[in-house]
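Thanks, everyone. I have one structure to go through today, so please look at the sequence and coordinates first.

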Amino acid sequence: MANPEHFERLFQGLDLWNAWKANNPDIKPDLSGMNLSEANLSRADLSQTDLSGANLSQANFKGANLSRVYFSEANLSEADLSQADLSGANLSGVNLSSANLSGTHLHDVNLSEANLSGANLAQTDLDGADLRGANLSRANLSNASLNKANLTQTDLSGANLRQASLKMADIREANFSQADLSGADFNGADLLAVRSF
C-alpha cells in the first residue's frame, strides 16, 4: 500500500523530491500500486523506492536513479528508461515490453521471467544479469554486453543480437530462432545446450 505522504511529495516537483531524498537517505519511499503512467520522472532520485504493482507505462525515467528499486509486477511497457541507473533493482516478472532501455546499467539485475518483447536494449550492460525464462523476442540487443548473464530458457526468437557479447553466458535451452547473431561473441558459452538456433 502506497504511502500518501510520499505520493504527495513526488507531485510537489522533482527538485523538491530529490532534495527531500538527499536529506533523508534512510527513508525507503513506498509508491506501490500507484498509477504513474506517462509521468515525467526524468532524472528523479527514486533509489530504494517500492514501485511494486505500479502502472508506469509510457513513463519517462530517462537518466533517473532507480538503483535498488523494487519493481515486482509493475507495468513498464513503453517506458523510457534510457541511461537510467538500475543497479541492484528487482525487475523479476515485470512488463517491459517495447520499453527503451538503451544505454542502461543493468549489471547483475534480476530480470527473470520479465517480458522484454520488442524492447530496445542496444548498448546495454547486462553483464551477470539474471534473465532466466525472460521473453526477449524481437528485442534489440545490438552491441549489448551479456557476459556471464543467465539466459537459461530465455526466448530470444527474432531478437537483434548483432555485435552482442555473450562471453561465458549460460544459454541452456535458450531459443535463438530467427535471431540476428551476426558478429555476436559466444566465446565460452555452451552452444550445444541451446534449444533452437
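Predicted model: local features only at pLDDT ≥ 70, side-chain atom pairs only at ≥ 80, totals over all residues.

Residues are numbered from 1 along each chain as its sequence is written, and side-chain values use heavy atoms, with hydrogens and water left out.

The core comes first. A nonpolar core here is a set of buried Ala, Val, Leu, Ile, Met, Phe, Trp, Tyr and Cys residues joined through side-chain atoms within 4.5 Å. Buried is under 20% relative accessible area, exposed is over 50%, and partly exposed is in between, with a 1.4 Å probe and protein chains only. The largest nonpolar core has 64 residues, and Phe-71 and Leu-141 touch the most other members. Contact means heavy atoms within 4.5 Å. Leaving out residues up to four places away in sequence, Leu-141 touches several leucines, among them Leu-121, Leu-126 and Leu-156, and also Arg-162.

Next, Ser-47. Ser-47 is buried, at a relative accessible area of 9%. Its side chain makes a polar contact of 2.8 Å with that of Asp-45. For a polar contact, a pair of N or O atoms lies within 3.5 Å; within protein, one must be able to donate a hydrogen and the other to accept it, and residues adjacent in sequence count only if both atoms are side-chain atoms. Residues up to four places away aside, Ser-47 touches Lys-21, Pro-29, Asn-65, Ser-67 and Val-69.

How many salt bridges are there? The count is five, taking a side-chain nitrogen of Lys or Arg within 4 Å of a carboxyl oxygen of Asp or Glu. One of them joins Asp-180 and Arg-162, at 3.3 Å from N to O. That pair links distant parts of the chain, 18 residues apart. Asp-180 is partly exposed at 29%, and Arg-162 is partly exposed at 41%. Asp-170 and Arg-172 form another, with the closest N and O atoms 2.6 Å apart. Asp-170 is partly exposed at 22%, and so is Arg-172 at 45%.

Last, the backbone. Asp-108 is not a glycine, but its phi is positive, about 60°. Asp-108 is exposed, with a relative accessible area of 52%. Met-168 also has a positive phi, near 60°, and counts as exposed at 51%.

Terms used: Helix = DSSP H or I, 4+ residues; strand = E, 2+ residues; numbered from the N terminus.
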